[in-house]
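Welcome, and thanks for taking a look at this one with me.

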Amino acid sequence: MPAIKKLMTFDSARCRWVKMHDGKRYTVSCKKQKWLPTESGSYQDANRWWQNKELELTASDSDKAASDDVRDKTIEIINRVLLRKSTLLVYH
C-alpha cells in the first residue's frame, strides 16, 4: 500500500489544515469547505486545495515579476524621453 502524502498539517483541535509557505501561514477549514471533519476523511481535499493555492501563489509571483519588469522598462523609457527633452531645451 502506498504511503499517504499529506501536503498540509491537520489541526485537530480546530478541524482545519495548515501550511507555512514563504513565512506565511495558510489555513483551510474543513467546516467551511464542507469536508469530512477528520484528518483521514479530508487530507485528499486539503492536498487539492493546497495544490491550487500554490499554483495561485506561483502565478502571482510570476505576474508580479512581469509587472515589475514592465514598470522598470517604462521608467527607463520615460527617463530617456525626459533627458532628450531637457537636452533639447538646453540647446534651443
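In which strand is the place of methionine 20?

1. **Methionine 20.** The answer is strand E2. Please keep in mind from the start that this is a predicted model. Methionine 20 has a relative accessibility of 48%, so it counts as partly exposed; the cut-off for exposed is over 50%.

2. **The overall layout.** Stepping back, you will find three strands and two helices in the protein chain. Read from the N terminus, the order of elements is β-β-β-α-α. Helix H1 covers 30-33, and helix H2 covers residues 39-91.

3. **The sheet.** The three strands form an open sheet in the order E1-E2-E3, and the pairing is antiparallel. E1 (9-11) and E3 are the edge strands: each has a single partner strand, so one side of each has no neighbour in the sheet. From one strand to the next, the twist averages 30°. As background, strands in a sheet pair through backbone hydrogen bonds, in either a parallel or an antiparallel way.

4. **E1 against E2.** Three bridges join E1 and E2 in the antiparallel sense.

5. **E2 against E3.** Strand E2 (residues 16-21) pairs with strand E3 (residues 24-29) over six bridges, in the antiparallel sense. Two places to check are lysine 19, which stands opposite tyrosine 26 in E3, and histidine 21, which stands opposite lysine 24 in E3. This hairpin has two residues between its strands.

6. **Two backbone angles worth a look.** Aspartate 22 lies in the loop between E2 and E3. Its phi is near 50°, a positive value in a residue that is not glycine. Lysine 34 is another non-glycine residue with a positive phi, of about 60°, and its place is in the loop between helix H1 and H2. Are these two residues buried or exposed? Aspartate 22 has 69% relative accessibility, so it counts as exposed. Lysine 34 is exposed too, with a relative accessible area of 76%.

7. **The aromatic pairs.** How many aromatic pairs does a search of the whole structure find? It finds three. In one of them, the ring centres of tyrosine 26 and tryptophan 50 are 5.7 Å apart and the ring planes meet at 55°, so the pair is tilted. This pair links distant parts of the chain, since tyrosine 26 is in strand E3 and tryptophan 50 is in helix H2, 24 residues apart. Both tyrosine 26 and tryptophan 50 are buried. Ring pairs also bring Trp49 into the picture, linking Tyr26, Trp49 and Trp50 into a cluster.

8. **Asparagine 47.** This residue is in helix H2. Its relative accessibility is 12%, so asparagine 47 counts as buried; the cut-off for buried is under 20%. What is asparagine 47 in contact with, leaving aside its neighbours within four places in sequence? Its contacts are with Lys5, Lys6, Leu7 and Met8.

9. **Lysine 6 and tyrosine 43.** While you are looking at Lys6, which is one of the contacts of asparagine 47, turn to its side chain. The charged end of lysine 6 sits over the ring of tyrosine 43, at 5.8 Å from the ring centre.

10. **The chain as a whole.** Here are some totals to finish with. The protein chain has 92 residues, and buried residues make up 20% of them. Taking contacts between residues at least 6 apart in sequence, 37% join residues at least 24 apart. The accessible surface of the chain comes to about 7,600 Å², and carbon and sulfur atoms account for 55% of that surface.

Definitions and conventions:
Residues numbered from 1 in each chain as written. Predicted model: local features only at pLDDT ≥ 70, side-chain atom pairs only at ≥ 80, totals over all residues. Heavy atoms only, no water. Pairing = 2+ DSSP bridges. Helix = DSSP H or I, 4+ residues; strand = E, 2+ residues; numbered from the N terminus. Buried < 20%, exposed > 50% of the residue type's maximum accessible area, 1.4 Å probe, protein only. Contact = heavy atoms within 4.5 Å. Phe/Tyr/Trp six-rings, centres within 6.5 Å; stacked < 30°, edge-to-face > 60°. Lys NZ or Arg CZ within 6 Å of the ring centre and 35° of its normal. Areas by Shrake-Rupley, 256 points an atom, 1.4 Å probe, with all protein chains shown as cover. Axes fitted to C-alpha atoms, helices over the stretch in contact; angles between N-to-C directions.
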